[in-house]
Amino acid sequence: MAPVLSGTLGASSVAALRPCAGRRAPLAASSVAPRFSAAARCARGVRWGAGRTGGRLVKVRCDTAVAEKPAEEEAAEQFEYQAEVSRLMDLIVHSLYSHKEVFLRELVSNASDALDKLRFLGVTDSSLLADGRELEIRIKPDPDAGTITITDTGVGMTKDELKDCLGTIAQSGTSKFLKALKENKDLGADNGLIGQFGVGFYSAFLVAEKIVVSTKSPKSNKQYVWEAVADSSSYVIKEETDPEKMLTRGTQITLFLRDDDKFEFTDPSRIQGLVKNYSQFVSFPIYTWQEKSRTIEVEEEDEEPKEGEEATEAEKKKTKKTISEKYWDWELANETKPIWMRNPKEIEKTEYNEFYKKTFNEFLDPLAHTHFTTEGEVEFRSVLYVPGMAPLSNDEIMNPKTKNIRLYVKRVFISDDFDGELFPRYLSFVKGVVDSNDLPLNVSREILQESRIVRIMRKRLVRKTFDMIEDIAEKDDKEDYKKFWESFGKFIKLGCIEDTGNHKRLAPLLRFHSSKNETEMISLDHLQSAKTAPFLEKLVQKDIEVLYLIEPIDEVAIQNLQTYKEKKFVDISKEDLELGGEDDDNKETKQEYTLLCDWVKQQLGDKVAKVQISKRLSSSPCVLVSGKFGWSANMERLMKAQTLGDTSSLEFMRGRRIFEINPDHPIVKDLNAACKNEPESTEAKRAVELLYETALISSGYTPESPAELGGKIYEMMAIALGGRWGRSDTEEAEASASAEDDSSEGTVTEVIEPSEVRPENDPWKD
């Protein structure tokens with residue numbers, strides 16, 4: 001038996017399980033021991049280990065047992081996996097991954113990297129490309145054989161590279177993978193773990209019971225075959241001798257599918273769909289074997305001659321007819337070029353629009369787009385769009401999981417299932433693609449949440465989105481922003497609530513109706529004063545423009561915004577409103593009506609916290625405002641509408657209401673006279689009650705008893721309108737009689753019998 005080498009790698013290094021022809025292993029040159037070929041190590045029988053490199057301990061093991069075979073014999077050689085690899089294989093085969101399709105993405109990515117590597121090496125060594133073969137990937141499913149074959153014309157592998165790349169794995173990488181699987185076992189399968197620890201190639205065992213890798217390196221004149229089955233602890237390498245199976249260069253991977261997966265993954269349309277979804281923008285052409293149809297013309301002889309008739313061969317007529325013929329051929333699956341990889345100056349607007357419609361299945365052109373590249377500490381490319389209309393489904397509104405952002409790593413699609421990691425919830429309507437070279441090929445939810453790279457990407461994506469929306473707002477044609485606001489205005493208001501850090505970017509995007517623009521919406525930049533309120537009278541007199549906050553979210557958004565350009569928003573539906581300095585007349589008026597305020601408060605009792613002279617009224621007799629820290633009328637109405645509203649908090653927040661009166665109004669002047677001259681007048685007290693309940697409605701509150709309020713209004717109308725327009729005497733008499741009858745019904749009359757009537761001189765009188 002040949003000597004066996006063993007070694008371990010410390011936590012500082014992570015080796016890749018992908019083929020060497022695949023993605024470059026993330027190993028720093030300074031963190032690994034000196035490189036020797038596997039054959040050289042095994043021949044010398046050396047057990048070796050490096051000391052400390054960069055302050056970290058690095059040990060290396062290689063548990064590769066080589067069967068004793070004569071060197072000249074070209075039979076298959078059997079090799080044992082590392083123990084960690086065997087455990088890994090067992091877990092992959094028997095795990096419950098819900099998305100087995102990830103295997104195709106991994107293998108295509110490996111093939112793309114092999115092509116990239118060959119193209120890079122070919123720059124300095126043109127002999128590697130001397131055969132003139134195109135750099136391409138071909139995928140051929142075979143339903144009859146139950147196989148899938150992925151072939152690339154990339155760099156290929158030598159025998160030593162096969163052993164190093166497909167037979168060994170860094171222990172630290174495997175341990176992390178096994179630990180991650182263990183920690184996620186209660187959360188269900190997470191196919192995002194595949195690829196994170198260099199196990200991309202072995203993801204093929206999710207669907208395959210046997211894998212055969214045939215590879216030819218341009219640096220070698222021999223072709224080798226690597227073969228392994230899913231449940232085995234060993235693999236076989238042999239030299240290819242069949243002339244029909246020889247490759248010019250590159251790698252061919254054949255998967256012998258499990259019985260459960262044959263039907264799905266040998267379907268040509270399914271394979272093509274997976275390529276279009278995951279690998280559509282790979283920079284090399286990917287061809288899939290597809291069934292096609294074509295129309296051909298065939299010759300057909302006329303009917304046989306009738307009985308008794310004979311026809312010579314020359315007399316027989318031949319006609320042509322058209323039939324449909326089925327055939328198989330290669331079809332390009334990734335014909336859509338990655339638009340974000342091109343120079344924006346060379347791309348027409350129509351190309352951006354077509355890419356948007358095709359990628360996101362839209363039928364309207366986007367309102368705007370932005371195409372940018374970010375370089376420096378984080379490098380990524382992106383194309384973002386503002387859709388032409390809001391989502392039709394209510395489920396997609398304000399939903400961070402709308403699959404609107406497609407994340408790619410090196411042009412390989414990773415995921416579109418995010419929960420606010422790349423974009424905040426209020427910008428979830430933005431659609432686009434993001435392609436990063438810095439993220440790992442597989443990005444799990446944990447990586448997105450914890451990655452510093454992702455945080456930087458999010459910040460820059462949000463900034464570019466604001467720039468794009470501001471460009472729409474600054475256009476001379478205001479129709480585009482009008483469309484934007486109608487569709488996505490609620491999202492921007494939500495941003496005022498959720499994103500305090502971007503208030504300065506959000507505020508200029510807001511639009512409202514105002515007292516000076518009731519038909520057209522204005523931005524906050526058009527305000528002449530930062531003081532806003534729903535009660536307009538004195539403000540209009542002072543020529544202060546007032547915003548109409550008519551949508552449910554408006555008030556909450558403005559409360560969170562608080563200020564705009566160093567001007568503070570003031571809700572004048574609440575107490576403590578200041579519109580300027582008071583003059584002496586106002587002070588005298590307050591003193592004159594102090595008695596009236598006390599008298600009205602006495603009549604209303606606990607319905608109001610206090611009664612005071614108003615600073616905000618000019619034509620109305622009174623208004624009801626909320627306390628400084630309580631809910632406004634609009635907010636109270638919204639909270640009442642909540643299905644599961646908390647009634648206790650409702651009572652607490654609405655507890656303080658202030659009744660303000662206008663001393664210049666005739667009704668208030670009449671009540672002032674009543675309070676001084678007839679404070680016990682029933683009519684005056686009823687007028688105060690009616691005034692309060694009317695103020696409830698005009699101030700936006702809901703009366704506690706609408707029916708009772710209606711009765712009071714009808715009664716006051718009857719008094720006010722009685723005889724005003726000269727009713728006829730007959731109608732008046734009938735009304736009077738009816739009133740007398742009504743009053744007599746309520747009186748009990750004592751009836752005295754005649755026998756009981758006693759005269760003054762009655763002798764029986766006591």
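Mentor: Before we begin, a helix here is a DSSP run of H or I with at least four residues, and helices are numbered from the N terminus. Please also keep in mind that the model we are looking at is predicted.

Trainee: What makes R119 and D116 a salt bridge, and how are they placed in helix α3?

Mentor: A salt bridge needs a side-chain nitrogen of Lys or Arg within 4 Å of a carboxyl oxygen of Asp or Glu, and the side chains of R119 and D116 meet at 2.8 Å, N to O, so the pair qualifies. Both belong to helix α3, residues 102–124, and because they are 3 residues apart there, about one helical turn separates them.

Trainee: How do you know that the salt bridge of K431 and E362 ties together parts that are apart in sequence?

Mentor: The bridge itself joins the side chains of K431 and E362 at 2.3 Å, N to O. K431 lies in strand β16, residues 431–436, whereas E362 lies in the loop between α8 (349–360) and β12 (368–374), so the pair connects parts 69 residues apart in sequence.

Trainee: How many salt bridges does the structure hold, and which residues are linked in a network?

Mentor: The structure holds 29 salt bridges, and E101, E264 and R270 are linked in a network of them.

Trainee: Why is helix α10 called oblique to helix α11?

Mentor: Helix α10, residues 452–473, and helix α11, residues 479–498, pack at an angle of about 140 degrees, with their axes 10 Å apart. Roughly antiparallel requires an angle over 145 degrees and roughly perpendicular runs from 65 to 115, so at about 140 degrees α10 is oblique to α11. In their contact, I469, I472 and A473 of α10 meet D480, Y481, F484 and I492 of α11, and these residues divide into 6 nonpolar, no polar and 1 charged.

Trainee: What makes the phi values of N361 and K410 worth a comment?

Mentor: Most residues other than glycine have a negative phi. The phi of N361 is near 55 degrees, a positive value in a residue other than glycine, and the phi of K410 is also near 55 degrees and positive. N361 lies in the loop between α8 and β12, whereas K410 lies in the loop between β14 (405–409) and β15 (412–415). N361, at 70% relative accessibility, is over 50% and therefore counts as exposed, while K410, at 36%, counts as partly exposed.

Note on methods: Residues numbered from 1 in each chain as written. Predicted model: local features only at pLDDT ≥ 70, side-chain atom pairs only at ≥ 80, totals over all residues. Heavy atoms only, no water. Axes fitted to C-alpha atoms, helices over the stretch in contact; angles between N-to-C directions. Helix = DSSP H or I, 4+ residues; strand = E, 2+ residues; numbered from the N terminus. Parallel < 35°, antiparallel > 145°, perpendicular 65-115°, else oblique. Contact = heavy atoms within 4.5 Å. Nonpolar A, V, L, I, M, F, W, Y, C, P; charged D, E, K, R; others polar. Buried < 20%, exposed > 50% of the residue type's maximum accessible area, 1.4 Å probe, protein only.
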